[in-house]
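Q: Hi! Could you walk me through this one while I have it open?
A: Happy to, let's bring it up.

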Amino acid sequence: MSWTAERVLELRKLWATGASTAEIGRRLGVSKNAVVGKAHRTGLVPRPSPIRPRPATPPPRPVHLARPGRATCKWPFGDPQHDDFHFCGAEALPGKPYCAEHCARAYTRSTRSDEADEAA
C-alpha cells in the first residue's frame, strides 16, 4: 500500500471531521496504526490518547496521634473522602475503641443473651 496524494488528502479530510483512526483505516483500507503514523508524519494535530489514565489516588491522610497513654474514641464522623472527616477523639473506655456515648450506640445486647440471663 502506498500513500498517494489522493489518500493523504482523504486522510486529512477524515481527520478533520474527527473520525476515529480505526474508521479512517477502514475507509482507506489500512490499519489504524498506519493512519496514526501517517498523520504524525504529515503534521496533523495530535489527538489525545483514547487510553484514559487512572485517576491518581489521593495521598494517605496524616494520622493524628493522641497523647501517649490516652486511648481516644475512634467513632468516625463524615466521609473519609472529604477533608472534614474526623474521629470523635474523646477519651475511650478501657479496652474499647469508643467513648461511653459511642459504646452505647455501637454495642447492643443480643436477644439470645437477654433470654439466657432471664432463664438463669
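A: One term before we start: contact means heavy atoms within 4.5 Å. Also keep in mind that this is a predicted model.

Q: Good. With that in mind, what does Leu44 touch, leaving out residues up to four places away in sequence?
A: Leu44 touches Leu11, Arg12, Trp15 and Ala39.

Q: Which residues make up the largest nonpolar core?
A: There are ten in all: Leu11, Leu14, Trp15, Ala19, Ile24, Leu28, Val30, Val35, Ala39 and Leu44. Helix 1 (5-17), helix 2 (21-28) and helix 3 (32-41) are the elements that give two or more residues to this core.

Q: And which helix gives the largest share of this core?
A: Helix 1, with three residues.

Q: What about a second core, which residues does that include?
A: The second core is separate and has five residues, among them Cys73, Trp75, Cys99 and Cys103.

Q: How much of the protein chain is buried?
A: Buried residues account for 19% of its 120 residues. The accessible surface comes to about 9,800 Å², and carbon and sulfur atoms hold 57% of that.

Q: And the contacts between residues at least 6 apart in sequence, what share join residues at least 24 apart?
A: That share is 32% in the protein chain.

Q: New topic: how many aromatic pairs are there?
A: The count comes to three. One of them is Phe85 with Phe87, whose ring centres are 5.3 Å apart.

Q: Why is the pair of Phe85 and Phe87 called edge-to-face?
A: Because the planes of the two rings stand at 75 degrees, and over 60 counts as edge-to-face.

Q: Is Phe85 buried or exposed?
A: Phe85 counts as buried because its relative accessibility is 18%, and the cut-off for buried is under 20%. Phe87, at 43%, counts as partly exposed.

Q: What about the rings of Tyr98 and Tyr107?
A: Their centres are 6.2 Å apart and their planes at 45 degrees, so that pair is tilted. Tyr98 and Tyr107 form one aromatic cluster together with Trp75. Tyr107 is partly exposed, at 41% relative accessibility.

Q: Last one: which residue lies over the face of Tyr107?
A: Lys96 does, at 4.7 Å from the ring centre. Back at Trp15, Arg47 lies over the ring face, at 3.9 Å from the ring centre.

Notes
Residues numbered from 1 in each chain as written. Predicted model: local features only at pLDDT ≥ 70, side-chain atom pairs only at ≥ 80, totals over all residues. Heavy atoms only, no water. Core = buried A, V, L, I, M, F, W, Y, C linked by side-chain atoms within 4.5 Å. Buried < 20%, exposed > 50% of the residue type's maximum accessible area, 1.4 Å probe, protein only. Helix = DSSP H or I, 4+ residues; strand = E, 2+ residues; numbered from the N terminus. Areas by Shrake-Rupley, 256 points an atom, 1.4 Å probe, with all protein chains shown as cover. Phe/Tyr/Trp six-rings, centres within 6.5 Å; stacked < 30°, edge-to-face > 60°. Lys NZ or Arg CZ within 6 Å of the ring centre and 35° of its normal.
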